[in-house]
Amino acid sequence: MGKLLYFQFIKICKNKNIIFQFMILPILLISVISYLLSENFQSYGESVSYYFFPVMLFMYVGYGVNSSFSFLDLANIEGNRRLFFMPVKKEWIIISHVFSQTMFGVFSLFVNYLVSYILFRNYYSNFVFSFFALSILIFLSNALGIWITIFITNTIVIEEIFTVIQIVLALLGGGFYSLERIANIPRFIVYLSPLKWLLDVINVYTYTGKIRGIVFLIFGMMCISIIALASVYKRFDPYKYI
(Lines give C-alpha, C1' and ligand atoms only; values in the text may rest on other atoms or scores of the structure.)
Protein backbone atom coordinates (compact mmCIF):
# COMPACT_ATOMS: atom_id res chain seq x y z
CA MET A 1 0.00 0.00 0.00
CA GLY A 2 2.88 2.35 0.82
CA LYS A 3 4.48 1.79 -2.59
CA LEU A 4 1.13 2.40 -4.26
CA LEU A 5 0.71 5.75 -2.48
CA TYR A 6 4.31 6.71 -3.29
CA PHE A 7 3.76 5.91 -6.98
CA GLN A 8 0.56 7.95 -7.09
CA PHE A 9 2.12 10.91 -5.26
CA ILE A 10 5.16 11.07 -7.56
CA LYS A 11 2.88 10.97 -10.58
CA ILE A 12 0.94 13.96 -9.24
CA CYS A 13 4.14 15.92 -8.56
CA LYS A 14 5.05 15.59 -12.23
CA ASN A 15 1.77 17.19 -13.32
CA LYS A 16 2.67 20.80 -14.17
CA ASN A 17 -0.97 21.86 -14.48
CA ILE A 18 -1.76 20.83 -10.89
CA ILE A 19 1.39 22.51 -9.61
CA PHE A 20 0.44 25.78 -11.33
CA GLN A 21 -3.21 25.56 -10.27
CA PHE A 22 -2.58 24.97 -6.57
CA MET A 23 0.86 26.41 -5.85
CA ILE A 24 1.07 29.48 -8.08
CA LEU A 25 -2.46 30.50 -9.05
CA PRO A 26 -3.77 30.94 -5.46
CA ILE A 27 -1.02 33.44 -4.59
CA LEU A 28 -1.62 35.31 -7.85
CA LEU A 29 -5.34 35.50 -7.10
CA ILE A 30 -4.74 36.72 -3.56
CA SER A 31 -2.31 39.37 -4.82
CA VAL A 32 -4.63 40.68 -7.53
CA ILE A 33 -7.88 40.56 -5.54
CA SER A 34 -6.26 42.16 -2.50
CA TYR A 35 -4.77 44.93 -4.63
CA LEU A 36 -8.02 45.68 -6.48
CA LEU A 37 -10.04 45.80 -3.28
CA SER A 38 -7.41 47.23 -0.94
CA GLU A 39 -9.23 50.58 -0.79
CA ASN A 40 -11.79 48.88 1.46
CA PHE A 41 -9.08 48.25 4.06
CA GLN A 42 -6.54 50.29 5.94
CA SER A 43 -3.62 48.64 4.18
CA TYR A 44 -2.74 46.14 1.46
CA GLY A 45 -1.55 43.69 4.10
CA GLU A 46 -4.93 43.80 5.84
CA SER A 47 -6.60 43.14 2.50
CA VAL A 48 -4.36 40.10 1.93
CA SER A 49 -5.22 38.75 5.38
CA TYR A 50 -8.93 39.11 4.65
CA TYR A 51 -8.91 37.41 1.23
CA PHE A 52 -6.41 34.63 1.99
CA PHE A 53 -8.98 32.18 3.35
CA PRO A 54 -11.76 32.88 0.79
CA VAL A 55 -9.28 32.19 -2.02
CA MET A 56 -8.00 29.03 -0.33
CA LEU A 57 -11.56 27.79 0.16
CA PHE A 58 -12.51 28.62 -3.42
CA MET A 59 -9.48 26.76 -4.80
CA TYR A 60 -9.65 23.65 -2.63
CA VAL A 61 -13.38 23.01 -2.47
CA GLY A 62 -13.11 21.88 -6.10
CA TYR A 63 -9.88 19.96 -5.61
CA GLY A 64 -11.71 16.62 -5.79
CA VAL A 65 -11.98 16.80 -9.55
CA ASN A 66 -8.30 15.84 -9.62
CA SER A 67 -9.09 12.50 -7.95
CA SER A 68 -11.73 11.79 -10.57
CA PHE A 69 -9.40 12.74 -13.41
CA SER A 70 -6.47 10.75 -12.02
CA PHE A 71 -8.64 7.65 -12.20
CA LEU A 72 -10.78 8.22 -15.29
CA ASP A 73 -8.84 10.50 -17.63
CA LEU A 74 -7.69 8.82 -20.84
CA ALA A 75 -4.12 9.95 -20.17
CA ASN A 76 -4.07 7.97 -16.90
CA ILE A 77 -6.45 5.08 -17.43
CA GLU A 78 -3.95 2.69 -19.02
CA GLY A 79 -1.53 3.09 -16.13
CA ASN A 80 -4.36 2.64 -13.65
CA ARG A 81 -5.41 -0.60 -15.30
CA ARG A 82 -1.95 -2.02 -14.70
CA LEU A 83 -2.39 -1.29 -10.99
CA PHE A 84 -5.23 -3.82 -10.84
CA PHE A 85 -2.65 -6.58 -11.20
CA MET A 86 -0.85 -5.50 -8.03
CA PRO A 87 -1.24 -7.79 -4.98
CA VAL A 88 -3.52 -5.37 -3.12
CA LYS A 89 -7.26 -5.16 -2.68
CA LYS A 90 -8.78 -3.59 -5.77
CA GLU A 91 -10.83 -1.18 -3.67
CA TRP A 92 -7.62 0.26 -2.24
CA ILE A 93 -6.41 1.16 -5.72
CA ILE A 94 -9.19 3.67 -6.25
CA ILE A 95 -9.10 4.88 -2.63
CA SER A 96 -5.33 5.41 -2.96
CA HIS A 97 -6.14 8.22 -5.38
CA VAL A 98 -7.91 10.00 -2.53
CA PHE A 99 -4.96 9.74 -0.15
CA SER A 100 -2.28 10.59 -2.72
CA GLN A 101 -4.21 13.61 -3.98
CA THR A 102 -4.84 14.68 -0.39
CA MET A 103 -1.12 14.40 0.39
CA PHE A 104 -0.25 16.68 -2.52
CA GLY A 105 -3.12 19.05 -1.72
CA VAL A 106 -1.95 19.45 1.88
CA PHE A 107 1.61 19.99 0.67
CA SER A 108 0.46 22.71 -1.75
CA LEU A 109 -1.61 24.28 1.05
CA PHE A 110 1.50 24.42 3.25
CA VAL A 111 3.39 26.11 0.39
CA ASN A 112 0.60 28.70 0.09
CA TYR A 113 0.75 29.43 3.83
CA LEU A 114 4.53 29.75 3.67
CA VAL A 115 4.62 31.95 0.57
CA SER A 116 1.86 34.15 1.97
CA TYR A 117 3.93 34.72 5.08
CA ILE A 118 7.19 35.35 3.18
CA LEU A 119 5.72 37.71 0.57
CA PHE A 120 3.04 39.48 2.58
CA ARG A 121 4.09 38.89 6.18
CA ASN A 122 0.63 37.42 6.50
CA TYR A 123 0.99 35.66 9.85
CA TYR A 124 -1.84 34.44 12.05
CA SER A 125 -1.24 33.81 15.73
CA ASN A 126 -3.82 31.02 15.46
CA PHE A 127 -3.29 28.95 12.34
CA VAL A 128 -2.93 25.26 13.31
CA PHE A 129 -6.64 24.43 13.28
CA SER A 130 -7.31 26.56 10.18
CA PHE A 131 -4.62 24.60 8.33
CA PHE A 132 -6.06 21.34 9.63
CA ALA A 133 -9.61 22.36 8.63
CA LEU A 134 -8.51 23.18 5.08
CA SER A 135 -6.60 19.89 4.94
CA ILE A 136 -9.77 17.99 5.90
CA LEU A 137 -11.66 19.98 3.24
CA ILE A 138 -9.13 18.73 0.67
CA PHE A 139 -9.62 15.18 1.91
CA LEU A 140 -13.42 15.54 1.74
CA SER A 141 -13.31 17.01 -1.76
CA ASN A 142 -11.13 14.12 -2.98
CA ALA A 143 -13.36 11.54 -1.28
CA LEU A 144 -16.39 12.99 -3.05
CA GLY A 145 -14.43 13.16 -6.29
CA ILE A 146 -13.79 9.41 -6.17
CA TRP A 147 -17.28 8.66 -4.85
CA ILE A 148 -18.89 10.30 -7.87
CA THR A 149 -16.94 8.00 -10.23
CA ILE A 150 -19.14 5.13 -9.02
CA PHE A 151 -22.10 6.77 -10.76
CA ILE A 152 -20.49 8.92 -13.50
CA THR A 153 -17.47 7.96 -15.58
CA ASN A 154 -17.54 10.90 -17.98
CA THR A 155 -14.76 13.29 -16.90
CA ILE A 156 -16.34 16.25 -18.71
CA VAL A 157 -19.59 15.84 -16.77
CA ILE A 158 -17.68 15.43 -13.49
CA GLU A 159 -15.66 18.59 -14.16
CA GLU A 160 -18.84 20.54 -14.92
CA ILE A 161 -20.45 19.31 -11.68
CA PHE A 162 -17.46 20.36 -9.61
CA THR A 163 -17.20 23.71 -11.39
CA VAL A 164 -20.86 24.53 -10.74
CA ILE A 165 -20.60 23.49 -7.09
CA GLN A 166 -17.39 25.49 -6.67
CA ILE A 167 -18.89 28.65 -8.16
CA VAL A 168 -22.23 28.38 -6.35
CA LEU A 169 -20.61 27.75 -2.96
CA ALA A 170 -18.15 30.60 -3.52
CA LEU A 171 -20.91 33.03 -4.50
CA LEU A 172 -23.07 32.01 -1.54
CA GLY A 173 -20.11 31.89 0.81
CA GLY A 174 -19.92 35.64 1.24
CA GLY A 175 -16.14 35.68 1.15
CA PHE A 176 -15.72 38.15 -1.71
CA TYR A 177 -18.51 40.58 -0.84
CA SER A 178 -20.35 41.95 2.16
CA LEU A 179 -23.41 39.96 3.22
CA GLU A 180 -24.89 43.08 4.79
CA ARG A 181 -25.66 44.36 1.28
CA ILE A 182 -27.98 41.45 0.56
CA ALA A 183 -31.69 41.50 1.32
CA ASN A 184 -32.97 39.40 4.21
CA ILE A 185 -34.37 36.43 2.28
CA PRO A 186 -31.32 35.97 0.00
CA ARG A 187 -29.10 36.43 3.05
CA PHE A 188 -30.90 33.51 4.72
CA ILE A 189 -30.06 31.36 1.71
CA VAL A 190 -26.47 32.54 1.81
CA TYR A 191 -26.05 31.46 5.42
CA LEU A 192 -26.98 27.91 4.39
CA SER A 193 -23.75 27.69 2.39
CA PRO A 194 -21.30 25.14 3.88
CA LEU A 195 -18.46 27.33 2.64
CA LYS A 196 -19.89 30.21 4.67
CA TRP A 197 -19.89 28.07 7.80
CA LEU A 198 -16.28 27.07 7.23
CA LEU A 199 -15.17 30.63 6.53
CA ASP A 200 -16.95 31.94 9.62
CA VAL A 201 -15.48 29.38 12.02
CA ILE A 202 -11.99 29.86 10.54
CA ASN A 203 -12.25 33.62 11.03
CA VAL A 204 -13.52 33.18 14.60
CA TYR A 205 -10.69 30.81 15.39
CA THR A 206 -8.05 32.94 13.65
CA TYR A 207 -8.93 36.19 15.39
CA THR A 208 -10.15 34.93 18.78
CA GLY A 209 -8.54 31.52 19.25
CA LYS A 210 -11.91 29.84 19.97
CA ILE A 211 -11.81 26.29 18.57
CA ARG A 212 -15.27 24.94 19.42
CA GLY A 213 -16.88 25.77 16.06
CA ILE A 214 -13.96 24.67 13.91
CA VAL A 215 -13.61 21.36 15.78
CA PHE A 216 -17.29 20.54 15.17
CA LEU A 217 -16.96 21.42 11.48
CA ILE A 218 -13.81 19.31 11.12
CA PHE A 219 -15.63 16.39 12.75
CA GLY A 220 -18.56 16.82 10.34
CA MET A 221 -16.31 16.87 7.27
CA MET A 222 -14.47 13.77 8.49
CA CYS A 223 -17.77 11.91 8.96
CA ILE A 224 -18.91 12.75 5.42
CA SER A 225 -15.51 11.71 4.03
CA ILE A 226 -15.62 8.34 5.84
CA ILE A 227 -19.16 7.67 4.61
CA ALA A 228 -18.12 8.47 1.02
CA LEU A 229 -15.05 6.20 1.20
CA ALA A 230 -17.07 3.40 2.82
CA SER A 231 -19.53 3.64 -0.07
CA VAL A 232 -16.65 3.49 -2.56
CA TYR A 233 -15.14 0.48 -0.80
CA LYS A 234 -18.47 -1.35 -0.83
CA ARG A 235 -19.72 -0.51 -4.33
CA PHE A 236 -16.52 -0.28 -6.36
CA ASP A 237 -16.40 -2.73 -9.28
CA PRO A 238 -12.86 -2.89 -10.77
CA TYR A 239 -14.01 -4.83 -13.81
CA LYS A 240 -15.99 -1.79 -14.86
CA TYR A 241 -12.67 -0.01 -15.57
CA ILE A 242 -10.70 -2.83 -17.20
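I began with how H2 and H6 cross, and the crossing is right-handed. The model is a predicted one. I read off an angle of about 30° for the packing of H2 and H6, with the axes 10 Å apart.

Next I listed the residues in this contact. From H2 I noted Ile18, Ile19, Phe22, Met23, Pro26, Ile27 and Ser31; they meet Phe104, Phe107, Ser108, Val111, Asn112, Val115, Ser116, Leu119 and Phe120 of H6. I sorted the residues of the H2 contact with H6 by type and got 12 nonpolar, four polar and no charged.

I then turned to the nonpolar cores. The largest has 42 residues, and Met56, Tyr60, Leu134 and Leu198 have the most contacts inside it. I checked which helices supply at least two residues each to this core: H1 (2-13), H2 (16-36), H3 (44-60), H6 (90-120), H7 (128-147), H10 (194-208) and H11 (212-235). H3 gives the largest share, nine residues.

I took Leu134 for a closer look. Setting aside neighbours within four places in sequence, I found Leu134 in contact with Phe53, Met56, Leu57, Leu109, Tyr113 and Ile202. Apart from this core I noted another, of 17 residues, which includes Val65, Ile148, Ile158 and Ala228.

Last, I looked at cysteines. I looked for sulfur pairs within 2.5 Å, and the count of disulfides is zero. Cys13 has a relative accessible area of 29% and is partly exposed. Cys223, at 30%, is partly exposed as well.

Key
Residues are numbered from 1 along each chain as its sequence is written. This is a predicted model: local features need pLDDT of at least 70, side-chain atom pairs count only at pLDDT 80 or more; totals for chains, interfaces and linings use all residues. Side-chain values use heavy atoms; hydrogens and water are left out. A nonpolar core is a set of buried Ala, Val, Leu, Ile, Met, Phe, Trp, Tyr and Cys residues joined through side-chain atoms within 4.5 Å. Buried means under 20% relative accessible area, exposed over 50%, partly exposed in between (1.4 Å probe, protein chains only). Helices (H or I, at least four residues) and strands (E, at least two) are DSSP runs, numbered from the N terminus. Contact means heavy atoms within 4.5 Å. Axes are lines fitted to C-alpha atoms, for helices over the stretch in contact, and angles run from 0 to 180 degrees between N-to-C directions. A crossing is left-handed if the near helix is turned anticlockwise from the far one by less than a right angle, and right-handed if clockwise. Ala, Val, Leu, Ile, Met, Phe, Trp, Tyr, Cys and Pro count as nonpolar, Asp, Glu, Lys and Arg as charged, and the others, Gly among them, as polar.
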